[in-house]
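Please keep the sequence and the structure in view while reading.

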Amino acid sequence: MANAAIVPAGTNGAISVYAQGQTQVILDINGYFAPAPGPTPTPIPTPTPTPTPTPTPTPTPTPPPTGPSVAVVLTTDDQTQLMAAQPAVTFETGSGGSNVIFVDETEQYQEVEGFGASFTDSAAWLLEQVAQPSALPGAMANLFTRNNGGIGISFMRIPMGASDIARNDYSYDDLPAGQTDPTLAHFSVAHDQTYIIPLIVAAKHLNPAMKLMANPWSPPGWMKDSGSMIGGSLLPSMYAPFANYFVKFVQAYTAAGIPIDYISLQNEPLFVPTNYPGMLMDAPTQTTVLRDYVLPAFSSNSITSRVLVYDHNWDNTDYATTVLTDPTIQASVQVAGTAWHGYGGPPGAQTTLQNRFPTKGNWQTEHSGGTWIADQVKTDFEEITHVMRNWGKAYVKWSLALNESRGPNTGGCNTCSPLVTVNSQSGAITYFIDYYTLGHFSRFVLPGATRVYSSNGAGIVTVAFVNPDQSKALVAFNDTPASQTFQVQWGAYSFPYTLAALSGATFTWSGTQYGGYTVSAGTRIQVSSYNNSAGAQTESTSDTGGGYYMGYASGGANAVYQHVDFGSGFGAVSARVACDPANGGNCGGTLEFRLDSVTGPLAGSVTIPATGGWQAWQTAQGTASASATWVHDLYMVFKAPTSGTTSLGNVNWFQFR
């Protein structure tokens with residue numbers, strides 16, 4: 001054989017063999033080895049071996065050459081296609097392609113409860129009182145069922161009293177100025193019984209699995225230091241009446257046939273509006289009120305509604321952290337997790353809270369479309385996908401319905417967009433673009449679905465789910481102004497697809513996944529394709545190809561990418577990075593790529609330079625270790641420079657070469 005050698009035996013028959021690189025060593029021993037000088041050892045009896053039965057290996061299932069058929073619906077940016085059915089595609093055995101989207105249903109994340117909007121006062125009035133009676137049943141079926149193409153929304157929010165989308169300001173215990181009612185003797189939901197409760201009962205009848213969340217924009221004015229539903233804070237003397245206000249609301253709605261699944265104590269507690277109801281409630285106050293008043297009141301009245309804390313924007317993770325860190329609140333199974341709004345900060349904040357409090361969940365409970373959004377199709381697909389990729393258990397739009405003037409309301413938002421529009425003169429019902437973008441998720445991702453792993457590609461962002469009936473749903477959006485072709489890889493099967501610029505599609509199929517996946521280290525890996533992360537957040541990028549970058553990183557922040565194949569090794573690595581020293585960036589740190597753990601062998605490293613802006617992107621070059629070979633879990637770890645341990649830069653993708 002090649003490279004064979006005869007090696008003479010040394011003292012006592014010792015053989016020394018040295019090998020370098022990947023040399024294979026085969027010893028063919030043929031000869032006699034003399035024993036060392038000394039007494040003759042006593043022979044050890046050779047035991048009779050007990051035969052061990054040879055285990056029968058479990059056969060690896062062979063996938064049929066043709067896999068499941070895949071249904072496709074499409075929405076285009078020009079809105080000429082709105083959840084429009086497309087020709088089906090078929091999975092075939094095979095892999096490969098230059099832009100692969102991997103789907104792996106064996107890697108599972110959060111359970112999803114639903115998608116929806118809010119039963120605002122104005123929405124209920126328009127649908128119950130203004131809409132054409134002949135048109136309403138069809139619109140309700142389209143909204144709350146999946147029959148005949150309905151979108152089946154299944155997580156709805158109920159303002160407790162007036163919000164910024166209401167025909168007038170009201171609570172459930174309004175009194176003349178100067179009067180109070182601490183026993184809530186005058187509490188009544190009579191206002192809601194006219195059109196809000198009937199609409200919710202009808203929706204619940206159409207979708208019995210619907211989850212309902214309720215919360216106030218303001219309690220009665222007499223509970224506050226402003227004496228009004230507008231402005232002010234909750235008086236400490238009113239903490240107990242405030243808790244009982246929730247008890248009475250839940251009891252009244254339950255008696256009307258509307259069980260309340262979730263509540264939050266205050267809508268947007270850090271914002272005090274001047275022209276519609278609102279109230280300031282800081283984190284220490286919410287902690288006290290929840291721990292010492294609301295939870296005990298619920299317990300003593302057998303209220304099982306669960307509590308979501310905060311209920312405000314992604315740009316603040318400290319508020320929810322303060323509340324959930326309280327030992328009593330953290331231990332309470334009745335405190336479900338955090339509610340979020342989408343008007344500030346990135347959805348990546350949800351992962352920060354998920355990592356801090358893994359037994360608590362994250363719900364996105366409000367983000368309206370509106371005239372301030374230049375491209376609603378792009379914004380919705382990007383954001384809903386992003387929320388779901390960051391542990392979101394729900395995604396909730398704002399008002400279910402508005403009129404042609406985006407009202408009625410007495411203050412607040414007159415630029416918001418609904419799911420449906422009810423013409424105030426004719427009563428005609430029409431469907432807004434938000435209905436279709438939300439429907440790409442709500443129609444195909446059923447309550448109780450589980451998010452599973454899917455990667456992002458060059459120009460393509462995705463999220464994938466397995467429904468309770470084991471059917472699959474993959475939502476993919478082309479985040480660029482040019483058409484993009486990609487390959488969906490699901491175990492042993494794949495199919496190619498091309499999406500037009502800024503268009504989104506939902507792919508659905510059933511069947512069995514055969515095998516897993518590996519991703520070549522030599523392909524461009526989107527940083528947002530991580531399997532898990534800690535200490536950083538993702539946010540939408542303006543870099544070429546769109547998608548989500550990773551930033552908000554401190555020293556030690558990391559992300560893991562499973563099943564990365566290094567083959568026989570690489571000599572270099574590059575990364576797409578941005579860092580702004582003029583705005584607090586501690587540039588000059590290092591991206592380390594380590595094998596199998598955050599402290600594993602170093603596979604490569606890249607220095608993050610100062611690029612002149614947080615979205616001023618550059619491709620930085622680094623070195624790789626040739627000893628990194630074959631398949632590993634790859635950890636990308638942020639290492640801080642001497643200048644500071646926070647704001648270490650943004651990363652969009654990396655690639656070994």
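Arg451 sits over the face of Tyr109, at 4.0 Å from the ring centre. A charge counts as over a ring if NZ of Lys or CZ of Arg is within 6 Å of the ring centre and within 35 degrees of the ring normal. Arg524 is likewise placed over the face of Trp653, at 3.8 Å from the ring centre.

The model is predicted: local features need pLDDT of at least 70 and side-chain atom pairs count only at pLDDT 80 or more, while totals for chains, interfaces and linings use all residues. Residues are numbered from 1 along each chain as its sequence is written, and side-chain values use heavy atoms, with hydrogens and water left out.

**Overall form**

The chain contains 10 helices and 34 strands; these are DSSP runs numbered from the N terminus, with helices being H or I of at least four residues and strands being E of at least two. Along the principal axes, the C-alpha atoms fill a box of roughly 110 × 60 × 55 Å. Of the 657 residues, 56% count as buried, where buried means under 20% relative accessible area, exposed over 50%, and partly exposed in between (1.4 Å probe, protein chains only). The chain exposes about 26,600 Å², and carbon and sulfur atoms supply 53% of this area; accessible areas come from the Shrake-Rupley method with a 1.4 Å probe, and for residues only the protein chains shown count as cover. Among contacts (heavy atoms within 4.5 Å) between residues at least 6 apart in sequence, 73% join residues at least 24 apart.

**Nonpolar cores**

A nonpolar core is a set of buried Ala, Val, Leu, Ile, Met, Phe, Trp, Tyr and Cys residues joined through side-chain atoms within 4.5 Å. The largest such core has 107 residues, of which Phe119, Phe144, Phe249, Tyr253, Leu290 and Leu400 touch the most other members. Helix α4 gives the most to this core, with 9 residues. Apart from this core lies another, of 41 residues, including Val573, Ile608, Phe654 and Phe656.

Leaving aside residues up to four places away in sequence, Leu290 touches Leu265, Leu295, Pro296, Val307, Val309, Val323, Ile329 and Val335. Thr317 is located in the loop between β8 (306–313) and α6. Thr317 counts as buried because its relative accessibility is 13%. With the residues up to four places away in sequence again not counted, Thr317 touches Trp340, Ala349, Thr352, Leu353, Arg356 and Gln537.

**Aromatic pairs**

The structure holds 39 aromatic pairs. Rings of Phe, Tyr and Trp (its six-membered ring) pair if their centres lie within 6.5 Å; planes under 30 degrees apart count as stacked, over 60 as edge-to-face and the rest as tilted. The pair of Phe187 and Tyr245 is edge-to-face because the ring planes stand at 85°, with the centres 5.5 Å apart. Phe187 lies in the loop between β5 (155–159) and α3 (190–206) and Tyr245 in helix α4 (residues 239–255), so this pair ties together parts that are 58 residues apart in sequence. Phe187 is buried, with a relative accessible area of 15%, and Tyr245 is buried at 0%. Elsewhere, ring pairs join Phe91, Phe486, Trp490, Tyr493, Phe495, Tyr497, Phe507, Trp509 and Tyr514 into a cluster.

**Salt bridges**

Side chains of opposite charge can pair when their charged atoms come close. A salt bridge is a side-chain nitrogen of Lys or Arg within 4 Å of a carboxyl oxygen of Asp or Glu, and the whole structure contains 11 of them.

| Salt bridge | N to O distance |
|---|---|
| Arg291 and Asp326 | 2.8 Å |
| Lys397 and Asp434 | 3.0 Å |
| Arg594 and Glu592 | 2.9 Å |

Arg291 is partly exposed at 26% relative accessibility, whereas Asp326 is buried at 12%.

Asp434 is buried, with a relative accessible area of 0%, and Lys397 is buried at 2%.

Arg594 and Glu592 are both buried. Finally, a network of salt bridges links Arg157, Asp311 and Glu366.
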